Amino acid sequence: MAGPVKVTPEMEAFHQQVSKDGFEPLWMAAPEVMHRQPKSKPIPYIWKREVIESHMKKAAEIISFENGGDRRVLMLINPGMRDLEPYGWGATTQTLSVCVQILLPGEEAPPHRHTQTAIRYIVEGEGAYSGVNGEKVYMCEGDYVITPKGLWHEHEHEGTEPMMWMDCLDTPLIYYLHGTFFEGSPVKKQPITRKPSVDKYQGGMVRPLGDHQPSKAPLPVYRYNSTLAALKGLSDNYEPDPVEGYVVEYINPSNGQSANENIGAWLQKLPVGFHGKAHRHVNSVVYHIKEGKGYTLIDGVRFDWEKGDYLVIPTWSVHEHVNTSETEDAILFSTNDIPIFERMELQRVEEYTENGGYQEEIGQYNAAQTEPLLKK
C-alpha cells in the first residue's frame, strides 16, 4: 500500500502552478476526497420540544401570510451544516431538511409544487387538510402524509385549534444537484378530483386492480391508528429486533417500495426496558419522539430524549436506543435517506461487535452546547 506523498520543493512549486491554472493534483487530494469510510459533515444533534414550541408560538404571533410567503415553517439546521450559504441549505442531514410547520384556524396556504419530494408527520391538532394531487387529505395527530415531487399541494385549516406538523424534504440533495424547480399555482385552490384514497385501501395488504400499474401517490395519507395496529401485531406475537425493537415501514401499496421515492419513513416501538444493540449505517436518520422517553448513544455520547424532541443520527455514526420508562413504550417516527443510497447501491449496515454489541458511555450531550459535554 502506498504511503503519503513526500512533497519536494519542486513538487510544491508545481502544485501551486497547476492550481492557478484550474487543476489540482489527485495524488495529493485522494486521501481528502476519497475517504476509506464515510465522514459525515452533519453532527449528532437534538432539538428539544419546549424550545420548538416556544419558537413556533412566537412565529404564529408575528408571521402572517398577508406579509408574503406561503408557509410558516422553521427549518432544523444541523450545526455541522451551518456554514453553507444560503441558510445552511436547510440541511438537517446532508440529504434531508426537517422542518416544523404551524397552521392557524382559518388559514390557507396556497398551492405550489417543486422538484423536492416531501412528507408530513402530524405532531398535534386536527381539522386541517392538504390538497394532494386533486385529493382532499384530512390530517390528524400521528398521520403520515406524502407529497412526491412535482405534485400540486396546499393546506387549509377548517378546525378551531392550531395544528403543527413535521415536514421533511430532500432539499439539500436537490439544491446540491442544481435540480430545483418551484412553481406557484395560478389558482387559489386546486380542484378536488379524487375520492379519499383511505377508502380505496381499507383491505390492507391487497391492491385494487386499478392500481396494478404503479403510481406516485396512490395513498397520500397513512392513518396513525392503522400503523399503530401493525406495530401491535408485531409486538404481541414476535420478539423485538435486537437493534431496532419493532419497526414498520411506510410503503407505496402500488409497487411495494418506499412511500416516497427519496425519503424513507418508519414508525418504531421500543418496548418497556428495551436496550438495543449498537450498529451504524451509511444512511442518515432524523427521529421525532412521538411518545415515551429514553436515550440514544451516538458514538458513545448520550442524548436523552422525550416526547416532542427531534434527534438526528448522521451517516456512519454508531448508535443504540434505550427506553428508560418502566411503564410506557416509546414510539418513534423517523425519516431517512435509505431509498437514495439503495438506488445508488451505496447502502451498508455494520453491527457493533465490541463489548457484546453495546457501547461504553463516554459523555452526555448538553443542550446549551453544540458539542457533547463529557463526564468528569
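**View 1. Tyr-121 stands opposite Tyr-144 of strand β8.** Strand β5, residues 118–124, and strand β8, residues 144–147, are joined in the antiparallel sense over four bridges; strands here are DSSP runs (E, at least two residues) and helices likewise (H or I, at least four), numbered from the N terminus, and two strands count as paired if DSSP finds at least two bridges between them. This is a predicted model, in which local features need pLDDT of at least 70 and side-chain atom pairs count only at pLDDT 80 or more, while totals for chains, interfaces and linings use all residues. Residues are numbered from 1 along each chain as its sequence is written, and side-chain values use heavy atoms, with hydrogens and water left out.

**View 2. An open sheet is formed by six strands with antiparallel pairing.** The strand order is β2-β3-β10-β5-β8-β12. Because β2 (73–75) and β12 (221–222) stand at the edges and each has a single partner strand, one side of each is left without a neighbour in the sheet.

**View 3. Strand β19, residues 310–313, is covered on both faces.** Tyr-310 and Val-312 on one side, and Leu-311 and Ile-313 on the other, are all buried, that is, under 20% relative accessible area with a 1.4 Å probe and protein chains only, where exposed means over 50% and partly exposed lies in between. Strand β1 (residues 45–47) runs antiparallel to β19 and is joined to it by three bridges, with Trp-47 having Tyr-310 as its bridge partner. Strand β16 (residues 285–291) also pairs with β19 in the antiparallel sense, over four bridges, and here His-288 stands opposite Tyr-310.
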